[in-house]
Amino acid sequence: MAELENQIAIVTGASRGIGRSVALMLAERGARVVACARNEENLAAVSAAAREASASGEVIPRRLDVSCRGEIDALVDEVVGRFERIDILVNNAGITKDGLLLNMEDEQFDEVLTVNLRSAFWMTRSVLKFMVRARRGRIVNISSISGVMGNVGQANYAASKAGLIGMSKSLAKEVARRGITCNVVAPGFITTDMTEVIPEDIKKQFQSLIPMRRFGSPEDVAGVVDFLVGPGSAYVTGQVIVVDGGLLM
């Protein structure tokens with residue numbers, strides 16, 4: 001189904017995990033996806049995967065350091081210069097620098113806030129002026145259940161993800177009349193590079209708390225993003241959709 005045919009999307013953190021799955025799914029739906037990340041080799045692999053799958057759209061790889069506002073503005077200008085519009089933005093880039101708050105260095109806190117929250121602010125602000133002009137657009141911010149419930153050793157990460165939720169709700173109210181929606185997806189424990197470093201015994205403990213008794217996949221999250229940027233979500237904005245197998249019920 002090419003529901004997003006010829007739409008222009010930007011996805012950050014698109015070289016692996018959730019971002020990779022989102023980029024591929026949007027390309028399958030017909031979108032031209034500008035996939036951004038720092039790892040150019042992985043980005044090239046995402047683009048190749050879209051071609052091999054005979055996606056209706058395409059994945060266009062672009063190296064981007066989201067901690068640099070200048071690079072973000074330059075990327076957006078490039079995309080608009082080439083395609084004349086931006087229809088979809090998925091802010092997915094994120095990092096962790098875990099540690100107990102008592103021992104957390106300023107740099108640990110600041111770096112996570114910059115990559116996970118400030119970059120989403122910069123990217124959204126840069127894209128938004130074009131969406132406002134077009135009077136349409138879909139913005140999806142990838143948060144986390146850590147931003148909803150907190151997590152030991154992740155004060156910086158939880159703060160950044162909670163900030164995404166507050167920012168998204170505020171933005172949704174600001175731009176609703178312009179035909180732009182802004183929603184949040186808050187994944188639980190998803191099988192990605194981030195979760196692979198968790199010791200097996202701890203994984204089993206986490207799984208025992210999840211009613212579905214399994215971790216989610218990046219595709220589970222991408223499917224929700226697919227809905228939020230598609231035609232079926234036109235009346236959905238300012239929402240936080242938790243994808244966690246029932247953990248927060």
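The legends below describe close-up views of a predicted model.

**View 1. Helix H9 and the elements that cover its buried residues.** Helix H9, which spans residues 218-229 and so has 12 residues, reaches 17 Å from its first C-alpha to its last, close to the 16 Å expected at 1.5 Å a residue. Its buried residues are Pro-218, Val-221, Ala-222, Val-224, Val-225, Asp-226, Leu-228 and Val-229. Among the elements that cover these buried residues are helix H1 (17-28) and the strands S4 (88-91), S5 (137-142), S6 (180-187) and S7 (240-243).

**View 2. Strand S6, paired with S5 and with S7.** Eight of the eight residues of S6 are buried, so this strand is largely enclosed by the rest of the structure. Ile-180, Cys-182, Val-184 and Ala-186 point one way from S6, whereas Thr-181, Asn-183, Val-185 and Pro-187 point the other way. In a regular strand the side chains alternate between the two faces of the sheet. S5 and S6 run parallel and are joined by six bridges, with Val-140 standing opposite Asn-183 in S6. S6 also pairs with S7 in the parallel sense, over four bridges, and the bridge partner of Pro-187 in S7 is Val-243.

**View 3. Asn-6, a residue with positive phi.** Asn-6 is found in the segment before strand S1 (8-12), and its phi is positive, about 70°, although it is not a glycine. Asn-6 is partly exposed, with a relative accessible area of 41%.

**View 4. Arg-135, in the loop between helix H4 (106-134) and S5.** The phi of Arg-135 is near 60°, a positive value in a residue other than glycine. Arg-135 is partly exposed, and its relative accessible area is 46%.

Definitions and conventions
Residues are numbered from 1 along each chain as its sequence is written. This is a predicted model: local features need pLDDT of at least 70, side-chain atom pairs count only at pLDDT 80 or more; totals for chains, interfaces and linings use all residues. Side-chain values use heavy atoms; hydrogens and water are left out. Helices (H or I, at least four residues) and strands (E, at least two) are DSSP runs, numbered from the N terminus. The expected span of a helix is 1.5 Å times one less than its number of residues. Buried means under 20% relative accessible area, exposed over 50%, partly exposed in between (1.4 Å probe, protein chains only). Contact means heavy atoms within 4.5 Å. Two strands pair if DSSP finds at least two bridges between them.
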